[in-house]
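Open the structure in your viewer and keep the selection tool at hand. Each stop says what to select and what is there.

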Amino acid sequence: MGALTRRGPGLRLRLTLLATSLVALVSAVLLWLGWVLVGNVVAAVPRLPAGTPVRVGGIDVPAELLGAALRDSARVQVLLIGGPAFVAVVVAAALLAWLVTGRMLRPLQEVTETAQRLSAESLDERIALSGPRDEVARLADTFDAMLDRLQAAFDAQRRFVANASHELRTPLSVVRTELDVTLSDPHADEAELRRMADVVREATARAERLVEALLLLARTEGVELAVREPVDLTDVVGRAFRAVEPEARRRGLRVKRCTEPAFAVGDPALLERVAGNLLENAVRHNVESGWLEVSTGADSRWTTLRVASSGPAIPPESVNALFEPFRRAGVQRTARNGTGLGLSIVQAATTAHHGKIHATALPAGGLAITIQLPAAP
């Protein structure tokens, strides 16, 4: 019902009425001034001796009434000539205003028609307005830029849903296969049932981790932070490292961590998740007896967190693809023990903090990721 509600005359009609009203007002004022001035000028005629007859318009007028007669006659002439001219000017102004506003508002009509034709399947259509770079052209360019962002978001969403569906299908397929195989065996003993339960539990845990990561990514992307406070990144890294320290020690990694405080502004819990994801990736995709370095720094504007580690060689042109969902080092499908959303969450959280993120493939193998966050005052 709201879409069908009339909201009064359109913009073209309103502009035409406004322009016509202004022209009519100015013309009426000018006609009135002409009427007043002509009457006053004509009335100021030289005085003749009383009783002298003067013929005005075929009528004899006493000399003492000559000024008034001339004034009335002049004013009548002004109205007779100015009246039709007033009507003609107003009509011409209305037609001109209607044509000019129609031409000026034509780009807005194109924007409206384009918006009405758009759907999720036709986001590639653009206005591409040509002509002078006026306000309407800037509006059209802004609309095209908005469509670019929408199309990129829809494309990313489609890829994300497809990848998420594929990743969730894997543990569900494992669960169903194990159940079907075990239940179809009439001689399955307790050991076989326990083995099946372990496989099902592992697949369920993987699906749970994936769902949690998807929810976190959905809550992080494109939203404003609910909490903004000073956070010491060095302290955050220390807490996050405790979760991966046993695995790092088991793999014999040489770890070097920063100790100087570095304060940023943000959500402490989310920044700890960022540091945890970076450290998990650095440990999980490292090589045996490799190395891991974590450093922080701060200046007047930015606070920096850098996590670098050894690992397999990564082509420089493939580094940006690591931030896509369900990717890992080498730009392959995610590993069996990960969700493949770690760096995607890091990127989304950095964007939510109005920060910047940059990744560099190291020449000897491995990856260095640098995050810049707004520094605390």
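The tour begins with the ground rules and then goes from stop to stop.

This is a predicted model: local features need pLDDT of at least 70, side-chain atom pairs count only at pLDDT 80 or more, and totals for chains, interfaces and linings use all residues. Residues are numbered from 1 along each chain as its sequence is written, and side-chain values use heavy atoms, with hydrogens and water left out.

**Stop 1: the annotated spans**

Residues 15–38 are 100% helix, with end C-alpha atoms 34 Å apart. Residues 78–100 are 100% helix too, and there the end C-alpha atoms are 31 Å apart. Helices (H or I, at least four residues) and strands (E, at least two) are DSSP runs, numbered from the N terminus.

**Stop 2: a nonpolar patch**

Select Leu25, Val26, Val29, Leu30, Trp32, Leu33 and Leu37. They make a nonpolar surface patch of about 700 Å². Patch residues have over 30% relative accessible area and no salt bridge, and nonpolar side chains are joined within 5 Å. A salt bridge is a side-chain nitrogen of Lys or Arg within 4 Å of a carboxyl oxygen of Asp or Glu. Areas come from the Shrake-Rupley method with a 1.4 Å probe.

Now pick Leu37, in helix α1 (residues 11–43). Is Leu37 buried or exposed? Leu37 is exposed, with a relative accessible area of 53%. Exposed means over 50%, buried under 20%, and partly exposed in between.

**Stop 3: the sheet**

Colour the strands in the order β4-β6-β7-β9-β8: they form an open sheet of 5 strands with mixed pairing. The edge strands, β4 (254–257) and β8 (356–361), each pair on one side only. The twist averages 10 degrees from one strand to the next. Strands pair if DSSP finds at least two bridges between them.

Zoom to β7 (residues 302–309). It runs antiparallel to β9 (residues 367–374) over 8 bridges. Thr303 stands opposite Leu373, and Trp302 has Pro374 as its bridge partner. Strand β6 (residues 291–298) is antiparallel to β7, joined by 7 bridges. A hairpin of 3 residues links β6 to β7. Of the 8 residues in β7, 6 are buried.

**Stop 4: helix α7**

Select residues 342–352. In helix α7, 9 of the 11 residues are buried, so the helix is largely enclosed by the rest of the structure. Among them are Leu343, Ile345 and Val346. End at His354, which follows α7 and has a positive phi, near 60 degrees.

Notes: Patches are made of residues with over 30% relative accessible area and no salt bridge: like charges are joined within 9 Å, nonpolar side chains (Val, Leu, Ile, Met, Phe, Trp, Tyr) within 5 Å. Buried means under 20% relative accessible area, exposed over 50%, partly exposed in between (1.4 Å probe, protein chains only). Axes are lines fitted to C-alpha atoms, for helices over the stretch in contact, and angles run from 0 to 180 degrees between N-to-C directions.
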